[in-house]
Amino acid sequence: MHRQRVIVTGASGFVGRHLIDEIKECFDVVGIARRSQAQAGVQPHPNVSWTQVDIAEPEPLAAAFDWIARNGRVDALVHLAAHYDFTGRDRPEYRRTNIDGLKNTLELARTLELKRFIFASSVAACPFPEPGRCVDERTPPEADNPYARSKRVGEAMVAGRASEIPCCTVRFAALYSDWCEYPPLFNFLSSWLSKGWNSRMIGGRGDFAIPYLHIRCAVSFLNHLLRNLDLPESGEVFMASPDGAVPVREIFDAATLAYFGEHRRPIRVPKTGTAAWLHVQDLAGKAIGRRPFERPWMARYLDRQLTVDASHSRRRLRWSSRPRFDLIRRMPFLVDNLRTQPLRWNSLNHAAMRKEGAGWSLTIQWLLEKHQHEICRRQVAALTAADAGARFGVPRDAEPDRLAAEVLQSVSTLRRSIRTREMEPVGGHCREVARAAFHDGLSVDQVCAAFSNLGRACIETLTADGPPDGLGRAVAERITMTTQFCVDEIIDEFEMLSSEGCGPCD
């Protein structure tokens, strides 16, 4: 019997990891992610293969799809790869991953003769409805925030390919697990279940509400779609969500009852007071270089409700979320995990929070890509200067085009290591460069000086236009750290070659 083969982009993410674990026994799964399988924590399995690639980089992605196609037919592609954060800022990564990355993936998916392209969108792409009304499958994704705008473009792109690729869009509710792993919910629980002065405070009337979906229900929904690939009509939109929305005050009641064993009365802070406090808190955070999770833009959603009607999707797919996984009913399990396994609880949630703080790495790698030719120009100018022979060991007759190609390769590996925060790519590259330089008779000081100068060229180029608050420091820290790692790898390689008795070629 033919076992269906499925590509999962964003395989290292929250949904991707759980989906692979759910379907790996019955499907052949190809994971595509920016992180390695080991770093993502996805256990090896005979039915799971992995390719580490950035969907926003067309050429590496095309090579990955070519390898996938040569190794068998693909039945479905689940596109989970996306960037999101809660800063409220329109970061370049929204376009790079959510729009350009989707465009690249759709273009390559045309060559696979898929039975279904499943695009993961979000209920959050829909605007908050008027009181007493709901959002459903027909609601235009017209919410006014950077993430929603990127998903609106994504949904339109997928719909535009519906005549070429059998496709459907799935709008997920806010996803959480028994360990929480949803940053806003984690922020609420951290405050309410603490001994802090704000442990009983909720903003506005406590009526702010969104729908929540347990991760086990989310992967169940996708598994159901994968087992019924012929069911949707191309271009259909589905809501993977319970009906309604869960107000903050109900979450407060359930969480504090489960934790303290008694009902606690919340202190409701008026909307104007909450907005003012968020501004003060944010200004203080900027001053000390540690901004809080809650941002001023969040105040405009106080007491609004993103109520969902998912009845059409339930009827159409004959699938529904399980009542035992509703957030309020599940809250005792979350609280029990917090109480009995606090180290794991904090580790998982801080990892999710670090995802929000990983924006600088993505921004830096994007800026390195954008300005790579200017960086290359600066570095080649330094390598061909009058004193370059003594400083860097570059021959006077070295061809600028060859030097430029080598510099671009170094910048490319530097970008990859900063983006993924894995040092293996740049480390391997530096060892190769060190071996070639050793046999060409260059000194370790000359090679290290060249890489240090490249780091300075990167920093000077990226900070030339006056970066936004925090980015200049992040650029200096992360490029300097990565460059220092390069220098250390070069020194290690030279020491190893010297200890082996190798000498420069005659």
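This is a predicted model: local features need pLDDT of at least 70, side-chain atom pairs count only at pLDDT 80 or more; totals for chains, interfaces and linings use all residues.
Residues are numbered from 1 along the chain as its sequence is written. Local features need pLDDT of at least 70, side-chain atom pairs count only at pLDDT 80 or more, totals for chains, interfaces and linings use all residues, and side-chain values use heavy atoms, leaving out hydrogens and water.

**Whole chain.** Show everything as a cartoon: you'll see 19 helices and 13 strands (DSSP runs, H or I of at least four residues for helices, E of at least two for strands, numbered from the N terminus). The C-alpha atoms fill a box of roughly 80 × 60 × 40 Å along the principal axes. Of the 506 residues, 53% count as buried (under 20% relative accessible area, 1.4 Å probe, protein chains only).

**Helix α8.** Now select residues 248-260. Colour Val-248, Ile-251, Phe-252, Ala-254, Ala-255 and Thr-256, which are buried. Their packing partners are α6 (183-192), β8 (201-203), β10 (212-214), β12 (246-247) and α11 (327-340). Next, click Gly-261, which follows α8 and has a positive phi near 80 degrees.

**The cavity.** Finally, select Ser-410, Thr-413, Leu-414, Val-426, His-429, Phe-451, Leu-454, Gly-455, Thr-483 and Cys-486, the lining of the largest cavity. Helices α16 (400-420), α17 (424-439), α18 (444-462) and α19 (471-499) each give two or more of the lining residues.

Notes
On a 1 Å grid over the protein atoms alone, a cavity is a set of points where a 1.4 Å probe fits but cannot get out, and a pocket is an open set with protein on both sides within 12 Å along at least five of seven lines; lining residues have an atom within 4 Å of a point. Buried means under 20% relative accessible area, exposed over 50%, partly exposed in between (1.4 Å probe, protein chains only). Contact means heavy atoms within 4.5 Å.
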